[in-house]
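Subject: Structure handover

Hello,

Here is the structure you asked about. My notes follow below it.

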Amino acid sequence: SILEIIGYLTCFTTCMVGPIITFQRYLDFTNGTLFNPQTTATSIPYGILRFSTGILFVAIYSALLPYVPLDYFASAEFVAQPFIYKFFLAALRYKVIFKQYTSIWLLSEGGCVVTGLAYNGKDKEGRDDWSGCAGVRVVALDTALYLQQIINSFNITTNEWVLQHVYKKCKFLNSKIASQTISLIFLAAFHGFLPGYFICFAHEIVIVIVEKQFMDYGLIKFGPFSSWPVMARVISAPFLYLYHLMGMTLTVGVFQLLTIDRCLTYMSALNYYTIYLYLILVPLGKYLEVQVNWERKRRTVGDKKIE
């Protein structure tokens, strides 16, 4: 009904900043069929935990933000500083801004959990699962080494929605890169039409593609990252972290500066370092992609011979 649609759009725990919930989840919740309160454990302790964690991150964000004001990163004073100082200050702002987003989602999720809207069935151990409205995996996000781990842990419900309603709808293109590109263009337009949004998501496409080429090479050689030899993980971890830090620092900066003149000032202050980075990594990544495809083809031929 129209009343149900209005209620869904103005649901007090989700309408301002998310999480994105399905209309069916909202109807099940309002109709009292999402879970049985007689047989389901209380959600209040977990909801308070998530809400309290959000308050903690609000405090961290509020304490650190004055040291990294946005306007400073488009100023002549910032441009005049040494590169290392500028990079680490910009990286600090990236981390601080992520705390802002994390805090907002945790506060909202706490409300969803306490009301029961976040009920997600039973987990593997048979316990009640209240993660149905989770927007962020806090520990996974704060310990992420590479970008794909960040994507999997950040803005979860929005990413799931885009996956289902944009990325998978592009399956007919028969190209993951094309599907990713369209999905990120959609996300940029979803935020607005200022240049910073499109620079941000265009940059993210390149980061993801290059990282995937390197990770696929590791996958074909050693398997998933968690099963790599210890020495391989010890050597690669700092490079993976630095790569994602360099990429996300520039990406988050332009996402907030928005206008073309401020974005160009920011990127030039950082010497457009990602251009030089990708001049090295893109050809190398393409070479590794060719090696991965050749190895997969060789294994496929070998498996057919065994059969």
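Helices (H or I, at least four residues) are DSSP runs, numbered from the N terminus. The model is predicted, so to speak, with limits: local features need pLDDT of at least 70, side-chain atom pairs count only at pLDDT 80 or more, and totals for chains, interfaces and linings use all residues. Residues are numbered from 1 along each chain as its sequence is written, and side-chain values use heavy atoms, without hydrogens and water.

First, the cavity. A cavity is a set of points on a 1 Å grid over the protein atoms alone where a 1.4 Å probe fits but cannot get out; lining residues have an atom within 4 Å of a point. The structure holds one cavity of 30 Å³ or more. The largest cavity has a volume of about 60 Å³, counted as the space filled by probe spheres set on the points. L70, F73, A90, R93, Y94, T249, V252, G253, L257 and Y266 line it. Two elements give two or more residues to this lining: α5 (83-115) and α11 (230-257). The largest share, four residues, comes from α11.

Next, a helix pair. The axes (lines fitted to C-alpha atoms over the stretch in contact, with angles from 0 to 180 degrees between N-to-C directions) of α8 (residues 156-167) and α9 (residues 176-191) come within 10 Å and cross at roughly 120°. Contact means heavy atoms within 4.5 Å. On the α8 side, T158, W161, V162, V166 and Y167 take part. They meet K176, S179, Q180, I182, S183, F186 and L187 in α9.

Best wishes

Notes. On a 1 Å grid over the protein atoms alone, a cavity is a set of points where a 1.4 Å probe fits but cannot get out, and a pocket is an open set with protein on both sides within 12 Å along at least five of seven lines; lining residues have an atom within 4 Å of a point.
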